[in-house]
Amino acid sequence: WLKRRLRKAHDKIVISVPYFVPYGFYWRILVRKLRYGVPVEIILPAKSDIAWVDSLSFFMAKRLMSRGAKIYLFGGDDERFSHAKFFMIDGFSGTGSANYDYRSIVLNLDTLVFTPQKSGDWQKVYGSLVQGSKVATLTDLKTGWYVRLLLLVRWLA
């Protein structure tokens with residue numbers, strides 16, 4: 001269902017996950033949608049509980065940013081981070097246990113539940129996520145030299 005909904009998206013795609021390590025189709029569809037002018041927004045924690053996954057997430061987000069995606073960093077210096085999984089694709093919103101990565105979508109039995117958006121309910125969740133975030137700049141998305149090595153095993157994330 002997620003693949004089909006992403007493929008049909010034409011208004012807006014919002015993805016808020018703690019671990020953003022897209023692969024294969026899930027990477028290509030975001031790139032394709034950006035090329036066709038569909039707004040894509042990614043909301044990531046400023047800092048998660050796994051530093052090397054942060055590096056991968058920021059690297060992938062930086063690549064999408066260079067193609068026109070808007071990247072937000074939720075939180076800040078706070079020791080806590082958002083572990084929320086939240087998706088908005090055109091007129092549907094969803095949540096569940098799946099991150100936007102290979103492990104969650106293919107290997108594990110993670111779930112996502114989508115419902116049609118109703119008069120502002122999901123918009124409030126989206127608004128609070130954006131309000132608690134800052135728009136990322138390239139310098140905010142710090143990655144290490146080792147991130148290219150991690151790309152080879154990103155399906156483990």
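I began with terms: two strands count as a pair if DSSP finds at least two bridges between them. I also noted that this is a predicted model.

**Entry 1: strand 1 and its partners**

I looked up strand 1, residues 13-16, beside strand 5. The two run antiparallel and are joined by four bridges. Within that pairing, I found Val14 opposite Met88 of strand 5. Then I turned to strand 3, which strand 1 meets in the parallel sense, again through four bridges. Here Ile13 has Val40 of strand 3 as its bridge partner.

**Entry 2**

I followed strand 5 on to strand 6, residues 92-96, and found an antiparallel pairing with four bridges. Phe86 stands opposite Thr95 of strand 6, and Met88 has Ser93 of strand 6 as its bridge partner. I checked the turn of this hairpin as well: two residues lie between the strands, and Asp90 takes a positive phi near 50 degrees.

Next I asked what covers the faces of strand 5, residues 86-89. Both faces are covered, with Phe86 and Met88 buried on one side and Phe87 and Ile89 buried on the other.

Strand 6 also pairs with strand 8, in the antiparallel sense and over five bridges. In strand 8, Leu112 stands opposite Gly96.

**Entry 2: helix 3**

I checked the span of helix 3 from its first C-alpha to its last: 20 Å for 15 residues, close to the 21 Å expected. Is this helix enclosed or open? I counted it as largely enclosed by the rest of the structure, because 11 of its 15 residues are buried. Among them are Val53, Leu56, Phe58, Phe59, Met60 and Leu64, and also Asp54, Ser55 and Ser57. As for what they pack against, I listed strand 2 (20-21), helix 2 (24-35), strand 3 (40-45), strand 4 (70-74) and helix 6 (147-151).

**Entry 3: helix 2**

Helix 2 has 12 residues and reaches 17 Å, where 16 Å is expected. I found Phe25, Tyr26, Trp27, Ile29, Leu30, Val31, Lys33 and Leu34 buried in helix 2. After the helix comes Gly37, with a positive phi near 90 degrees.

**Entry 4: the cores**

I looked up the largest nonpolar core and found 41 residues in it. Ile13, Phe20, Leu30, Leu64 and Tyr100 have the most contacts inside this core. Helix 3 (residues 51-65) gives the most to it, with eight residues. A second, separate core has seven residues, including Val14, Phe86, Tyr126 and Leu129.

I also went through the contacts of Tyr100, leaving aside neighbours within four places in sequence. The list includes Leu6, Ile15, Phe20, Tyr26, Leu30, Phe87 and Ile105.

**Entry 5: aromatic rings**

I noted eight aromatic pairs in the structure. One that I opened is Trp1 with Phe114: the ring centres are 4.6 Å apart and the planes stand at 35 degrees, so the pair is tilted. Trp1 lies before helix 1 (2-8) and Phe114 in strand 8, so this pair ties together parts 113 residues apart in sequence.

Phe114 has 16% relative accessibility, so it counts as buried. Trp1 has 41%, so it counts as partly exposed.

Last, I looked up the aromatic cluster that holds both: Trp1, Phe20, Tyr23, Phe25, Tyr26, Phe87, Phe92, Tyr100 and Phe114 form one cluster.

Notes:
Residues are numbered from 1 along each chain as its sequence is written. This is a predicted model: local features need pLDDT of at least 70, side-chain atom pairs count only at pLDDT 80 or more; totals for chains, interfaces and linings use all residues. Side-chain values use heavy atoms; hydrogens and water are left out. A nonpolar core is a set of buried Ala, Val, Leu, Ile, Met, Phe, Trp, Tyr and Cys residues joined through side-chain atoms within 4.5 Å. Buried means under 20% relative accessible area, exposed over 50%, partly exposed in between (1.4 Å probe, protein chains only). Contact means heavy atoms within 4.5 Å. The expected span of a helix is 1.5 Å times one less than its number of residues. Rings of Phe, Tyr and Trp (its six-membered ring) pair if their centres lie within 6.5 Å; planes under 30 degrees apart count as stacked, over 60 as edge-to-face and the rest as tilted.
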